[in-house]
Amino acid sequence: MNMIDIYNKLLETLGEQKWWPAKTPFEVVVGAILTQRTKWENVAKAIDELEKGDLLSPDALVNVNRNKLESLIKSTGFYKQKAERLQTVAQYFAKNDLPSLGENSTEVLRNELLALNGVGKETADSMLLYALNKPKFVIDAYTVRICKCLGISGGYDHLQEKFESALPKDVPLFKEFHALIVEYGKRYCNRKRCNECVLDVKKRA
DNA sequence: CACCAGGTTGACC
DNA sequence: GGTCAACATGGT
C-alpha cells in the first residue's frame, strides 16, 4: 500500500479533520507551543483564556506579565517553560509580520524557527505547514508509531523525507494527512492500544 | 496509585 | 553520534 492509498483509506474511514483548529495563523503558532506533550483539550482551555485576555497577538503576548501568562496556560502543563517559549516566539513574530513572512523560502524560515528556544522540528514544521502554508510534512509520535507498524522505521528526518518524496507538494494534502494520522493514532494506535495493524481500517470502521 | 498526552532541551557518555 | 531525566497539569 503506498502513501496515497493510506491517505485515502484514513480519509474514508475517519472523515475530513480540517486541521489546524485555530482562528488565525498566530493562534496556530501559540497552539503549537502549548500542545507539546499535552492533550489538545487542555490546550483549548488555555487558548480560550488567552483569547479572553486579548492576548492572541504577538505584541500582546510579548508585553504580558510572565506570571499572569503562566497562570493562564497552567492547564497545558510545563507552564513555566511554555510561558517563556511563547514569549520567545511572540517576539519573533512581532518582528516578522506573519503574512509577509511567508515570502521567504521554507528552509530559511525553518532554520530561523529552529533557532528559537523551545521550537524543535515538529513545532517548527507545524508552524510552517499550518500557519505559513508551506509544504512541510509534520512528523509526531503517532506518525512514528504507525509507521513502525507499517514496517517503516527511522527517525524524524527519514520519515519526513519518506512522506514528502512520496506525495505531491500539496499543502492541503499535507495538512489533512497529518491530522488523519493523529486522529487514527488517538483511536487505534497509542501506548495503550496497538492493534498491530494499522490500516486494517475496514475492520474497525 | 501508576501511567499517559500532537516535544524540547541540556547533560553526559 | 545516541540516551536520559526534567519539565507539570489533567484525565483514565
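**Entry 1: ground rules**

I began with names: helices (H or I, at least four residues) and strands (E, at least two) are DSSP runs, numbered from the N terminus. This is a predicted model, in which local features need pLDDT of at least 70 and side-chain atom pairs count only at pLDDT 80 or more, while totals for chains, interfaces and linings use all residues. Residues are numbered from 1 along each chain as its sequence is written, chains are lettered from A and ligands numbered from 1 in the order in which they are written, and side-chain values use heavy atoms, with hydrogens and water left out.

**Entry 2: DNA strand B**

I looked up the protein surface near DNA strand B, where a residue is near a strand if one of its heavy atoms lies within 4 Å of it. Helices α6, α9 (121–130), α10 (141–149) and α12 each supply at least two residues of that surface. There are 25 residues around DNA strand B, and Trp19, Trp20, Gly118, Thr123 and Tyr142 come nearest. Of the atoms of DNA strand B that come within 4 Å of the protein, 66% belong to sugar and phosphate.

I then sorted this surface by class, counting Ala, Val, Leu, Ile, Met, Phe, Trp, Tyr, Cys and Pro as nonpolar, Asp, Glu, Lys and Arg as charged, and the others, Gly among them, as polar. The surface near DNA strand B has eight nonpolar, eight polar and nine charged residues.

Next I went through polar contacts, which are pairs of N or O atoms within 3.5 Å; within protein, one must be able to donate a hydrogen and the other to accept it, and residues adjacent in sequence count only if both atoms are side-chain atoms. Glycine 118 has a backbone N or O atom 2.9 Å from a phosphate oxygen of DNA strand B.

**Entry 3: DNA strand C**

Around DNA strand C I found Lys39, Asn42, Lys45, Lys74, Ser75, Gly77, Phe78, Tyr79, Lys80 and Gln81. Sugar and phosphate make up 53% of the atoms of DNA strand C that come within 4 Å of the protein. By class, this surface has two nonpolar, four polar and four charged residues.

Phosphate oxygens of DNA strand C meet a backbone N or O atom of lysine 80 at 2.9 Å and one of glutamine 81 at 3.2 Å. The largest share, three residues, comes from α6.

**Entry 4: helix α9**

Is α9 enclosed or open to the outside? I used buried for under 20% relative accessible area, exposed for over 50%, and partly exposed in between (1.4 Å probe, protein chains only). Eight of the 10 residues of α9 are buried, so this helix is largely enclosed by the rest of the structure. Among them are Thr123, Asp125, Met127 and Tyr130. I checked what these residues pack against: α2 (25–34), α6, α8 (106–114), α11 (156–166) and α12.

**Entry 5: two buried loop residues**

Threonine 76 sits in the loop between α5 (66–72) and α6. With a relative accessible area of 3%, threonine 76 is buried. I listed its contacts (heavy atoms within 4.5 Å). Leaving aside neighbours within four places in sequence, threonine 76 touches Leu34, Thr38, Asn42, Val43, Ala46 and Lys82.

Asparagine 190 belongs to the loop between α12 (171–188) and α13 (201–204). Asparagine 190 counts as buried because its relative accessibility is 17%. Its side chain reaches the backbone oxygen of glycine 185 at 3.4 Å and the backbone nitrogen of lysine 192 at 3.0 Å.

**Entry 6: domains**

I finished with the domains of chain A, whose bounds come from an automatic or database domain assignment. The assignment gives domain 1 (3–18 + 137–204) and domain 2 (25–130). Taken over C-alpha atoms, their centres are 25 Å apart. Their contact takes 12 residues from domain 1 and seven residues from domain 2.
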